[in-house]
2 protein chains.
Amino acid sequence: MSDFAATIQQHEFPNGLVLVAEPMPGVQSAAFTLLIPAGAAYEVVDDGCAGGGAATMVAEWITRGAGTRDSREVLTALDNLGVSHAENAQTLHTSLSAATLGRNLVPALEIFADMVLRPHCDDSEIEPIRALCLQNLRSLEDDPGTKVIYELRRRHFPEPWGRPSPGTVEGVSTLDARALRSFYGTAYRPGGTILGVAGAIDWPRLKDEVARLFEDWKPRPEPRLKESPRGPRRDHIVRETQQIQIALALPSATVNSPDHYRGRAVAAILGGFSSARLFTEVREKRGLCYSVYASYESQRDRAALLAFAGTSTDRAQQTLDVMLSEVRRLGRDGIEPEELETMRAGLKSSLIMAQESSMSRSSALASDWYFLGRVRPLDEISAELDALTPGAVSDYAARYGDPSDLTLLTLGPTPLQSAG
Amino acid sequence: MSDFAATIQQHEFPNGLVLVAEPMPGVQSAAFTLLIPAGAAYEVVDDGCAGGGAATMVAEWITRGAGTRDSREVLTALDNLGVSHAENAQTLHTSLSAATLGRNLVPALEIFADMVLRPHCDDSEIEPIRALCLQNLRSLEDDPGTKVIYELRRRHFPEPWGRPSPGTVEGVSTLDARALRSFYGTAYRPGGTILGVAGAIDWPRLKDEVARLFEDWKPRPEPRLKESPRGPRRDHIVRETQQIQIALALPSATVNSPDHYRGRAVAAILGGFSSARLFTEVREKRGLCYSVYASYESQRDRAALLAFAGTSTDRAQQTLDVMLSEVRRLGRDGIEPEELETMRAGLKSSLIMAQESSMSRSSALASDWYFLGRVRPLDEISAELDALTPGAVSDYAARYGDPSDLTLLTLGPTPLQSAG
């Protein structure tokens with residue numbers, strides 16, 4: 001693999017903001033990902049944010065007028081620069097991301113700096129935003145596959161680390177201007193914020209422009225969060241859906257753990273590529289359901305292997321039984337050398353392909369910095385993958401695949417039986 | 001814009017297969033899109049395919065053992081080459097697409113050539129595939145936003161050009177081996193098939209390898225389809241969903257029409273960028289719904305502007321009224337010069353960005369060839385966009401925006417009132 005690491009640039013500004021950038025030769029686009037530590041986990045009950053939704057409402061509020069532009073002018077200015085953009089509150093971060101032509105990068109960053117540092121936050125925008133967020137919560141009820149994963153994370157991770165960013169109907173209905181301003185005032189802060197930029201960029205100029213745009217952002221103390229246990233480990237949500245959704249989670253090694261690639265390998269071998277175990281056993285051999293997968297996700301201090309299937313009521317019990325049996329088999333019998341080879345080929349290939357997109361590259365730079373405080377070069381990842389052995393991955397599966405640590409959630413007309 | 005056109009290569013083989021390829025300097029990946037004229041429109045009632053679903057079932061069947069490999073070996077071989085791939089039946093085509101590292105492109109193409117020319121099509125695979133396709137149809141019932149668009153196309157386009165590829169429960173339940181083999185035998189043919197390839201490729205070698213891999217594919221006559229009117233123009237599907245889905249379609253200019261970019265402009269100005277009319281009126285000002293958009297889609301002989309919104313029952317009538325009023329306003333008052341500028345900036349930017357992805361480039365090559373019999377260079381698109389005037393686009397909107405040509409479909413607990 002070629003060495004991209006040499007071109008990665010990084011700088012920490014006096015207020016704590018970190019800029020990580022990678023010029024990509026031969027591309028005309030440039031993209032950025034701004035990760036602000038203003039996710040739903042930072043909604044504080046004492047500030048009137050009990051029912052959730054503040055992070056999502058504020059992520060919308062900051063787009064509705066900022067700096068010298070009113071709400072409509074902000075969106076029009078971005079459209080006129082040909083910027084495709086998204087503003088999303090997640091559990092840990094609020095992520096602002098954008099892609100455009102390299103020559104429009106700095107003008108786009110200027111608009112985002114206004115949103116983050118100088119949002120108008122007019123009271124008159126609150127009711128339309130509230131209506132929008134309530135609509136979003138209702139549309140989740142018509143999207144049971146997404147809903148069950150939100151609710152699985154809520155049960156699996158300790159509070160507040162599994163909190164769904166859309167909030168609840170009660171929360172969104174009651175949030176007022178004071179609570180929203182309080183959230184903005186404490187959670188939007190340069191310390192812990194990471195700006196990843198990739199594509200057609202000129203590093204010295206970018207660094208100067210980011211300094212100019214973000215230097216007025218005043219540091220604020222890091223909020224202290226109280227962690228509390230969650231659960232239940234087994235649960236069912238009654239909904240009159242056509243299909244039953246099955247979602248389960250197991251603990252896994254975090255990105256910054258030496259076991260990280262073992263955890264990724266186990267998730268992939270269970271359900272991350274087209275000949276993986278869940279696809280073969282659930283989908284191909286038995287035709288039990290169309291959509292089934294396993295994936296890996298990590299926060300800084302906890303990570304999970306998630307597995308999901310959506311199937312009809314008459315096949316749901318068998319689908320769940322097969323899924324649980326595959327989880328147990330991984331822990332008991334480990335993995336085959338061929339599966340490890342397949343996993344390695346897939347991950348290397350997808351990593352190299354992701355290097356070619358300025359958008360996914362900017363996101364990877366910000367994410368790497370969040371987890372590791374540095375960017376992991378491809379060569380290093382490649383060496384880590386090559387060093388994996390079937391024995392080590394099997395040992396890992398035996399340690400983490402304990403079904404008593406499993407969180408299992410189903411959603412549909414009737415509950416299922418879960419052994420163990 | 002730079003001139004990519006000089007590097008585009010094309011070749012038509014004696015059996016009718018067309019190869020269109022573009023080497024992309026500086027990338028390590030390569031991707032292909034194989035468009036076979038074997039979409040759901042080619043399911044023939046006389047062959048036992050009355051209820052639909054044959055194209056989808058056959059697209060799955062060909063992956064389950066091909067050439068010297070059994071079902072599992074096909075998927076494992078692709079995974080071992082690090083190939084991310086998808087096999088989808090659509091209305092017009094069955095699309096087989098894949099992305100991997102350039103050095104694995106030809107080995108991946110070999111496996112796909114086996115699938116297309118030498119699928120095993122074992123009878124024993126039919127029941128698991130049927131179960132899978134029935135599951136897919138049931139999951140559509142839990143995904144009302146996708147379902148309403150399928151059903152809108154079915155009503156808007158004449159039969160068979162709006163036929164949903166997943167078929168119906170009755171159709172999928174009754175298809176037998178004879179009907180499926182008959183579909184494969186008539187619809188999978190080299191004439192009308194287009195292979196688009198982009199990325200790290202060596203053209204002379206690619207051309208030779210594609211010749212070797214596909215030269216045994218025997219030409220077959222083009223099936224003749226009977227077109228018949230569809231409708232109804234106004235319809236409601238009763239479902240106990242949380243939200244009401246609203247979908248509407250208007251005729252538009254096809255990709256090969258001189259009016260093409262006027263049609264694209266009108267769709268974008270209605271709902272294709274973040275400051276577009278529907279976002280402003282429905283989402284931002286009134287908070288009526290979270291998800292609303294307009295888009296353009298084309299077949300060779302017909303095209304449509306689609307608009308969609310999903311909203312709660314108490315806001316659905318107002319949402320529909322605003323959408324219809326925006327459609328009428330476009331036809332009556334035309335567009336503003338600033339809107340045209342915004343649309344131009346967005347489309348140019350997204351076209352240039354799409355050039356940087358081997359996957360989206362391979363798909364664009366195949367699609368351009370399908371519509372035009374050639375690949376349209378970026379410079380030409382850019383010149384066409386620059387030549388658009390507010391007057392010409394407004395005239396176009398007045399011609400195409402006739403509400404009497406509108407197809408309107410809603411899905412939810414109760415119907416809405418539609419004026420006109």
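**Figure 1. A:Thr342, a buried residue of chain A.** In this predicted model, A:Thr342 has a relative accessibility of 4% and therefore counts as buried; buried means under 20% relative accessible area, exposed over 50%, and partly exposed in between (1.4 Å probe, protein chains only). The residue is part of helix H12 of chain A. Helices (H or I, at least four residues) and strands (E, at least two) are DSSP runs, numbered from the N terminus. Leaving aside residues up to four places away in sequence, A:Thr342 touches A:Phe273 and A:Ser275 in chain A, and B:Thr76, B:Asp79 and B:Asn80 in chain B. Contact here means heavy atoms within 4.5 Å. Residues are numbered from 1 along each chain as its sequence is written, and chains are lettered from A and ligands numbered from 1 in the order in which they are written. Local features need pLDDT of at least 70, side-chain atom pairs count only at pLDDT 80 or more, and totals for chains, interfaces and linings use all residues, while side-chain values use heavy atoms, with hydrogens and water left out.

**Figure 2. The contact between chain A and chain B.** Chain A brings 57 residues to the contact, and chain B brings 57 residues. The size of an interface is often given as the accessible area lost when the parts come together. Between chain A and chain B, about 4,800 Å² is buried, and carbon and sulfur atoms give 50% of this area. Buried area is the accessible area (1.4 Å probe) that two parts lose on being put together, summed over both. Within chain A, the residues that lose the most area to chain B are A:Gln135, A:Asp142 and A:Glu284, together 14% of what that side buries.

**Figure 3. Polar contacts and salt bridges between chain A and chain B.** There are 36 residue pairs in polar contact between the two chains, both residues being at pLDDT 80 or more. A polar contact is a pair of N or O atoms within 3.5 Å; within protein, one must be able to donate a hydrogen and the other to accept it, and residues adjacent in sequence count only if both atoms are side-chain atoms. On the side of chain A that touches chain B, H4(A) gives the most, with eight residues. By class, that side of chain A has 17 nonpolar, 26 polar and 14 charged residues. Ala, Val, Leu, Ile, Met, Phe, Trp, Tyr, Cys and Pro count as nonpolar, Asp, Glu, Lys and Arg as charged, and the others, Gly among them, as polar. Two salt bridges are counted between chain A and chain B; a salt bridge is a side-chain nitrogen of Lys or Arg within 4 Å of a carboxyl oxygen of Asp or Glu. A:Arg283 and B:Glu60 meet in a salt bridge through their side chains, at 3.0 Å from N to O.

Figure 4. The structure holds 61 salt bridges over all chains. In one of them, B:Glu110 pairs with B:Arg212, and the closest N and O atoms are 2.9 Å apart. B:Glu110 is partly exposed, at 32% relative accessible area, and B:Arg212 is partly exposed, at 44%.

Figure 5. B:Arg155 counts as buried at 10% relative accessibility, and B:Glu151 is buried at 11%.

**Figure 6. Helix H9 of chain B, a largely enclosed helix.** Ten of the twelve residues of H9(B) are buried, so the helix is largely enclosed by the rest of the structure. Among the buried residues are B:His260, B:Tyr261 and B:Leu270. At 1.5 Å a residue, the twelve residues of helix H9 (residues 260–271) should span 16 Å, and the end C-alpha atoms are 17 Å apart, which agrees. The expected span of a helix is 1.5 Å times one less than its number of residues.

**Figure 7. B:Arg178, an exposed residue of chain B.** B:Arg178 has a relative accessible area of 53% and is exposed. Its place is in helix H7 (residues 177–187) of chain B. B:Arg178 touches B:Asp47 and B:Gly48, not counting residues up to four places away in sequence. B:Arg178 and B:Gly48 are 130 residues apart in sequence and 8.2 Å apart in space, C-alpha to C-alpha.
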